[in-house]
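Hi,

Here is the structure I said I would pass on.

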Amino acid sequence: MKKLLVTTLLSAVALLPSCASAKEVRQEQTAVAGEQARPIAITHANILTASSPLIEDGTVVFANGRIVSVGKTVKVPGNAEIIDAEGRWVTPGLIDPHSHLGVYPTPLLPSNMDLNEKTGNNTAGISAEDAVWPQDPGFEKARRGGVTTLTILPGSTNLIAGKGVTLKNVEAATVKEMKFPNAPYFLKMACGENPIKIYGGAGKKPFTRMGVMSEFRKAWAKAREYKEKHEADPSAPVDLQLETMAKVLDGEIIPVVHCYRADEMAHLIDISHEYGFKIGAFHHATEAYKIAPLLKAEDIGVATWARRWGFKMEAYDASDATPGFLEDAGVKMALHSDNSILIQHMNTEAALALASARRAGYDFGYETAIKWITADPAELMGIADQTGTLEPGKMADIVLWSGDPFDVYSVADKVFIDGVSVVDDAETDEESSDFLAGQYGEEVQ
Amino acid sequence: MLKLMTSLCVAAFVTLPLQAQTLVLEHAKVLTAGSAGELEDASIVIENGKIAAVGVAVTVPAGADIIDMTGRVITPGLVAANTTLGVVEVNDRANANDSSAKTSDLSASVEIQYAVNPASTLIPVARNGGISRAIVTPGLGRGSLEKLSFGGQAAVIDTGAGQDPIILPHAGVTLNLRGVKTGRAAVFPMLKALLEDAATYAAKETPGDMSGLTQKNWTLADLEALAPVARGEAPLIIEVDRASDISQMLKIGKALNLKMVLVGAAEGWAVADEIADADASVVLNPIDNLPSNFDQVQASIENATRLNAAGVKLALTSNRDGHDVRLTRYHAGMAVANGLPYEDAIKAITVNPARMFGDTTAGEIAVGQDADIAVWSGDPLQPLTDLVVLYIGGEAQPKADRQIILREKYMKSGE
């Protein structure tokens, strides 16, 4: 399977223009889980499409890596492989907008801690994809948790950390084989305690939150100047750092900001207005509930957790009602993991967020909770036209759960990416990570 | 202690009719975590802060307050094993972390009981996760130590509002064996010698007699703290992951007849039979399944299931942060999803952690136990199940916590 995959990719590479440079604004390499050999129909399933009410006892048909039809009564092609769900549940593949798999991997050792280029508070010119280690065992564990697409971000010690990359969670030897086709890149920024701790702690800028905002303004002023210069003179010399930032000003790269406190998010919004960029989402954002109307007015999304809090001062005011609160206020709300254990349990994370929302008095159903881990992150990641819901034409990224996905006892029985089975409970527990090969461990079981 | 005082005070000074102290919870499904197992349509009688009766056919005392719990599921209050609840308000650079001693003058004799702050805002949040007791462990959960040393004496605390939190001030001595920088080749001989010294001291007839010890730098306080451990009365609480380290530790501890509680034990399943044979217990987070370093290469999502199958007594936890002990019940659910029998999962978050650390006064729904009782809207391991009410020492606990207060404030301002 894997050999075939590589061959396919090599031929695909040959057809593509080779221009993975700083000028690149959309991901160009195509991740392919393989070729779906024949149509598949999952029948008698409870289907949460993330774009419609729950379909009970329904069928989803997919062929050639794409969803063909979903519904109570749909036509099943005669040559289709039939998987009788027998009342089990089907959802879109889960999507995580904030992961560090591959760049902050396990084992986490000084020799492979590639998360932060701590050589300056602005490293906009670097990219997480240059460090992603596809053998991080976390990728497969996440796959077994139903995660089919994820964004790998660098940071957050630097004010401007570098580019983030969106991957399909397929087994591969190189990151190029994982890149989500035509997905936008991100620019990761961070405010608050992390940059201050690392740089201020080393006697460098920024030392305080005043320094944080001042450094941001300086950086974006330079980026504006660079952009204007290049508009006037396209032959002006290219600077990787400023090129990336100019693409943010052009609206081609999505800036996302690691930020916890409401007041700091408001400052970042001011800065975005001053220099002319549009923030895609605040990540972590444990105080987003305090400024929900502002976020709604600015059309800025939030990626956050269901329960994390208090692990540092800026996260002390978290409230577990945040997801429900933001949903109610009309803010685009996604759950994220930021963690290689949590990413394996995003369905439970959504259940916890739903439980907290209900406790706070919001009457949301499964249809809303499933969006927080599928359609909504897809939208924040600029890939909602391709994945995130079970709608005809979209990628066949699908999870068949052993039961209700918000039941803690449910596990992913089958996971499909582009219509190809990547997790199958009927198969053995073989590990795909090369790191785990030959380790006395799971393999002897 | 305070609980006892409160009930005494009520009895002595308040002229309430006796039956006002009696509360009956009726028609509940009761997961006793004890020998009575699971009871359908059962009642619990609470008198003077303790469980006076439990069963399907109990006599309701005349004049008792009766609460119909039809449709509810009742468990013992949950017990968080191995946490910093009450000793860390905020992590990182908030100067609000008092979870380990910053002196080399004391080692085993460090007492975490003095760091517990009953006013911590984490405690009401923990209660809303059904947590009524916790084992606070000093000096664990950190990176590598420079050299081998004990973390100090753990404490069993109570999360009840307005109560003295300390249930047991000396619930064992902690030892962090995660990657001590002096290296295993030095650590194990030294550890063996230290524990042998402790045994020598514990066998002395005259208190304070420090003769015959092989290691230097003992303080009397450290020896006194280790004496109950050396006598097998209190556990040695060892944070350790690698299978070979667990084996070495078990050999040393078994020769000295120590009561051992292993914490973390990422590779524990690989030496499950040895752990069972040494009658050691294990405290673990069942979803820690990643090979975070070369001492955890064999980490497995089935660690809990396999240890349990080998007959090892387990306590299941969330991560160690007090902020997250409210997640304990879901982690137990995830262990069940990966093969742990349900009844064992319930025990692993109630009676097992209590008993491992020497607390016999709570952890089961059984006659004579403190009335620490969690009432749930359904299966307590499910995310969509709510805590209906938590009784601690028979007192219904207040619901407000800092997160709820902030939520209400901003929900109102948005209206």
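**The sheet in chain B, and what else turned up**

Chain B has an open sheet of six strands in the order S10-S13-S14-S15-S16-S17, and the pairing is mixed. Before you go further, keep in mind that this is a predicted model.

At the edges of that sheet you'll find strand S10 (150–153) and strand S17 (314–316) of chain B, each pairing on one side only. Going from one strand to the next, the twist averages 20°.

Inside the sheet, have a look at strand S15 (residues 260–264) and strand S16 (residues 281–284) of chain B: they run parallel and are joined by three bridges.

Now for where the chains meet. On chain B, 36 residues are in contact with 45 residues of chain A. Helix H8 (328–337) and helix H11 (402–413) of chain B each supply at least two residues of the side that touches chain A. By class, that side of chain B has 19 nonpolar, 11 polar and six charged residues.

One last thing, over on chain A: an unreviewed UniProt entry places the feature "domain: Amidohydrolase-related" at residues 324–419. In the model, the end C-alpha atoms of residues 324–419 of chain A lie 32 Å apart, and the span is 33% helix and 14% strand.

Cheers

Definitions and conventions. Residues numbered from 1 in each chain as written. Chains lettered and ligands numbered in written order. Predicted model: local features only at pLDDT ≥ 70, side-chain atom pairs only at ≥ 80, totals over all residues. Contact = placed C-beta atoms within 7 Å. Helix = DSSP H or I, 4+ residues; strand = E, 2+ residues; numbered from the N terminus. Nonpolar A, V, L, I, M, F, W, Y, C, P; charged D, E, K, R; others polar. UniProt positions renumbered as here; feature names shortened; annotations may be inferred. Pairing = 2+ DSSP bridges. Axes fitted to C-alpha atoms, helices over the stretch in contact; angles between N-to-C directions.
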